[in-house]
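These are my notebook entries on one protein chain, kept in the order in which I looked things up. The sequence and structure come first, and my notes follow.

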Amino acid sequence: MWFKNARIYTLDKDASAALFKDPQALEEQLERTAFRPCMAQELSTMGFAPLTGPGSAFHFSHAGSFYLKLTEETKLLPAAVVRTELEERIRQAEEKLGRQVHKNEQETLRTALIGELLEKAFATRRDTLVWLNPALGLCAVGASSAKRAEKVLALLREALGSFPAKVLQPRCVAEDKLTAWLSQQDLPASLTLGTDTTLKSPADEGGTIRASREDLASEEIAVHVKAGKLATEVQLIYAQEAVFVLSSELVLKRVKLLDQYLERSLPEHSEDEAADLQALLIVQGDLLSRLCTDLLEFFDCER
């Protein structure tokens, strides 16, 4: 279980501490909003799932950090398939009636068609991890999409009655800060440039440059910066422990823990799979605690 991406939120420390003070009550709240598969006419469902496998608890906590997992099931219903089949049914109806099918009749046909297709549609499942630390006032949702992360937060609010999470509000312009880092100006000591970046012109019709596996300190990159392009994504290495891409929305993308960090932080593999998974979560939680705290400081975010 990995946080491959993470959208970071700040929490009200007192309110979140109250929500997570009773482990038994928390477990019951999560279980009431547990995941269930889609029914015949449902397009998607989402709910909390046992964290380390069937029969395990819905949450795990260690050193002030809490870990949760949500599962979402979505039926595959491609728009092109619906459109093609609907056009055929409209054609058949018009031949039978000898006239054009009206708009409300088309909608009736479409509703019936989707109902039939949903019963036969394949479904995919996707897990999303959540890390939070009430004492630090921080939360990370394992998603790069704002829409998906907000769905997770909405389910947390449904389960807990409230969940006081706010998107990060930097007091500086994030693109300016990332661009300065790319120019090796005021790059924090804990950060090293990686090899990927995205540069965009601030002009409405300006271009976009994407560099991958490049020396970001090279003159080639510097030329684009001098020409006025701003960094919207920069790959960074944090404390020689993890590599990730940081966006101007302060979203962590393509997070990867470095081997040397895992080797010195993880215990030896055991025959207890649940314990191994918990150990992996603890290592990630420790990293997120430090990294998210530092990012809030680097970008002077409101708390």
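Predicted model: local features only at pLDDT ≥ 70, side-chain atom pairs only at ≥ 80, totals over all residues.

Residues are numbered from 1 along each chain as its sequence is written, and side-chain values use heavy atoms, with hydrogens and water left out.

Entry 1, the whole chain. I counted 9 helices and 12 strands, where helices (H or I, at least four residues) and strands (E, at least two) are DSSP runs numbered from the N terminus. Taken along the principal axes, the C-alpha atoms fill a box of roughly 75 × 55 × 40 Å. Of the 303 residues, 44% count as buried; buried means under 20% relative accessible area, exposed means over 50%, and partly exposed lies in between, with a 1.4 Å probe and protein chains only. I also noted that, of the contacts with a separation of 6 or more, 67% are accounted for by residues 24 or more positions apart.

I located T198 in strand β8, residues 191–200, and it counts as buried because its relative accessibility is 8%. Leaving out residues up to four places away in sequence, I found that T198 touches T208, I209, R210, L230, A231, T232 and E233.

I found R157 in helix α5, residues 146–160, and with a relative accessible area of 31% it is partly exposed. With residues up to four places away in sequence again not counted, R157 touches E150, S162, F163 and A165.

At what angle do α3 and α4 pack? Helix α3 (residues 79–97) and helix α4 (residues 103–120) pack at about 130°, with their axes 10 Å apart; axes are lines fitted to C-alpha atoms, for helices over the stretch in contact, and angles run from 0 to 180 degrees between N-to-C directions. The two helices are therefore oblique to each other, since angles under 35 degrees count as roughly parallel, over 145 as roughly antiparallel, 65 to 115 as roughly perpendicular and the rest as oblique. On the α3 side I listed V82, E85, L86, R89, I90 and A93, which meet Q106, L109, R110, L113, I114, E116 and L117 in α4. By class this contact has 8 nonpolar, 1 polar and 4 charged residues (Ala, Val, Leu, Ile, Met, Phe, Trp, Tyr, Cys and Pro count as nonpolar, Asp, Glu, Lys and Arg as charged, and the others, Gly among them, as polar).

R213, not a glycine, has a phi of about 55°; R213 is in the loop between β9 (208–211) and α7 (219–226) and counts as exposed at 76% relative accessibility. Q240 has a positive phi near 55°, is found in the loop between β10 (230–238) and β11 (242–247), and is partly exposed at 41% relative accessible area.

How many disulfides does a search of the whole structure find? The search finds 0, a disulfide being a pair of cysteine sulfur atoms within 2.5 Å. For C292, which is in no disulfide, the nearest cysteine sulfur is that of C139, 9.1 Å away. C292 counts as buried at 0% relative accessibility, and C38 is buried with a relative accessible area of 14%.

How values were computed. Contact = heavy atoms within 4.5 Å.
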